Structures are given as structure tokens and as C-alpha cells.
Amino acid sequence: MVRACIKQHPVIGMVSDFIVIGAGIVGLSTALRLLKEGASVTLLERHEAGREASWAGGGILSPLCPWNYPDTVNRLVTFSMSLYPEWIAALSTATEIDPEYHVCGLLVLPPYDLDKAVSWCTAHAAPLIYQPFPLSPSHDHAQQQTDQALLLPDIAQVRNPCLSQALYKRVKQLGGNIIEHCEVQKLDTTRQEIRSVRTPHKTFSANRYILSAGAWSKQILGEHALNIEIKPIRGQILLYKFPERPLHSVVLQQGLYLIPRCDGHLLVGSTIEDIGFDKGITPEAKDKLSGWAKQLLPELRGMSPLKHWSGLRPGTPDNIPVIGAHPFLKNLYINSGHFRYGVTMAPGSAEILTNEIMKRAQPFDTTPYQQGWNLFG
């Protein structure tokens, strides 16, 4: 157990055991895990907690088609998903906020690599069901008999804004200090350690620091970023509303998806745009997403989206996050770069980072998540 210790410094203010930079779902999950260890934790968030990629995403709890991803991604996802049911149940009970976690299945529409899908599912004992396609009965019946979709029935989803709210409330309940509109501008270091972090109005200090700032992580690291490859990747999403849920499963086709919520909302996403820190929305993306969705669900024709938004994901090579200690700064850790799967990997990432900090055994080999610094790049 970490001894909780919050001291007051006359110049730099509150001193915690840990400062977590970034209060998205990954940062909040990390803080929650440390608070349960008895640590004192302060989170510093540049805007509002949980309102960047954590809010903007869809909440599919799977690396889309898992057979298209390296084992490093799937291993962390599998571990994280094993924690999810108990994690969500505890959050819901403690906060009385329902993150709407439920197992709904993922329907993969053609084209896909059937041999690769079957091979992966067989090797990982993952159920796979062949299901007629298309979705809508208005499609041609001859086409329906020739095309098959692949249903992964064990895939779940969560409503990420609700999850963010539950995590925020639970962190506060356990004594975590969340400071919003507090952008970290510089890491002050001496003798290979961080001494403090500077924000526009105040300097904060802690015994140890954890960087979970998503797409902004490399910027905050500055000269200490080494060759880390984390950059913003914009994703745009549309939101529609039906009187009742129009689909039972999440639907995926070549990177685009339909996510049905229990209350009739339907998310249509998402783009992958490497354009820097531009969070604008575009008519081109709206046309692409709505056009694709209307081909699958003719019920959408004549409907306009309620909302159109974008978020900046922390993109990394092969979707592999960076989790672990900084190679040179002795009291700095990172938990960032989860790309499209921060929500999916959040409880698992928090667990393995806490294990490293506490010098405990890991559930599997976690060294691949510490190689993102690319020291020899």
C-alpha cells in the first residue's frame, strides 16, 4: 500500500504522492487504481475531464476486427476486458451512474478475410457465427443469400460519456483532487527527476508523475519525448435518434461502424484523419458517413443527424500504447497512446502500470508497451 501523503508547500502548493496529467478515461482509471492503493492523487486537466477523445469515441470494447491487429494489442484488450464486468459493476454501485455496459455482439460485414478471421477465432477460442446479410429486409433477397456477415457475439460496448462521469465521481469520492482548465505547459526537471510541473497559474509538485494526456502527451514531454510516436488522429462521428434501438449489434464494415444505444441513439463513425490538432468537422466526412450508413439502413434516408462532432485520438504505430516508466526521468511514468482503444484498454492499462509502480508481477509480458520511446529511432 502507498501511504497517502498530501503536504502543503508555501510556493508550489499541494504536494501529492502522484500527479496524473490528463483526466480522460485512461487518466481517471489510473488515478482510481492508485487511490485504491491508498495513494494521494491530483489530476490536472487542460480543459474538462473526460471531454476529449474519451467523450468523442464510440465505446466499442474490441479492436474492431481483432485478427487485423498484433498480439500486443489483443493481449492487452483481452486482459482489460476480463476486468470490465466487475470494474463496471463496482463503479455503478458506488456512483449510481450507469455506464451502459452490455454485451451486444459485433457484426462484421463483407469484405473481410474469412480464412484469417476463422483462424484467429479458432486459436483464441472466440465464438464466431455466420449470419445472413444485409441488415435491412428491403435489400434484394438474392444478394442476401450470397453475402454472409460474421458475428462476434461476445463483444461489448459502453457509453463512454457515462463511463467518464462515473470515473470522475468515484475518483472524487475516494479523495482524488481533479483540477480542470489547468494545462501543463512544462516539466521542470533536475538530476533526472521531475521537480514540478508548470501551469498558467500555478506550479504543482508530487513524488511521482503519470502522463495520460492522450494526443497532447508528446507536446507536454517536450525535450523528454525522445522518439516517442504519439500524434493526434482526428475522427468524426454522426449521431441519429430512433424511437427505439434500430439494431441489436454493433455493425462494422471496413473501419466504419454503426453503434446502437439502448435508448434509440445511433452513432455512425468514424474517419481517420492525420491532420494535426484540427478538431473541425467537414461536410465531406458527413457525406461519407451518412452515405454509407443509409446504404445499410434505408430507414436513415430522409433523417438528418442530431449532432456531428470530432475528437483527436492519440495515434501510435500499430495501435500499441506506451505504458511504463520513462527511460531516464526516474519519477515519470506514461499511460498514453491507446489510439482508438483507450476506453477498451483503460482498466487493464491502469492495472499493469500500477503493478510496475508497485513492483509487482505482471499478468503477462508488458515489455512491448515500454518500447514506444524508440530509443534507437
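Phe79 and Phe364 are both buried (under 20% relative accessible area; exposed is over 50% and partly exposed lies in between, with a 1.4 Å probe and protein chains only). The model is predicted, with local features requiring pLDDT of at least 70 and side-chain atom pairs pLDDT 80 or more, while totals for chains, interfaces and linings use all residues. Residues are numbered from 1 along each chain as its sequence is written, and side-chain values use heavy atoms, without hydrogens and water.

Seven aromatic pairs are present in the structure (ring centres of Phe, Tyr or Trp, for Trp the six-membered ring, within 6.5 Å; planes under 30 degrees apart are stacked, over 60 edge-to-face, the rest tilted). In one of these, the rings of Trp55 and Trp309 are 5.2 Å apart at their centres with planes at 50°, so the pair is tilted. Trp55 belongs to helix H2 (residues 53-56) and Trp309 to strand S18 (residues 307-315), so parts 254 residues apart in sequence are tied together. Helices (H or I, at least four residues) and strands (E, at least two) are DSSP runs numbered from the N terminus. Trp55 is partly exposed at 22%, whereas Trp309 is buried at 12%.

Phe79 and Phe364 make an edge-to-face pair, with 5.6 Å between centres and 70° between planes. Phe79 is in helix H3 (residues 71-95) and Phe364 in the segment after helix H9 (342-357), 285 residues apart. Together with Tyr369 they form one aromatic cluster.

Gln173 lies in helix H6 (residues 160-173) and is partly exposed at 38% relative accessibility.
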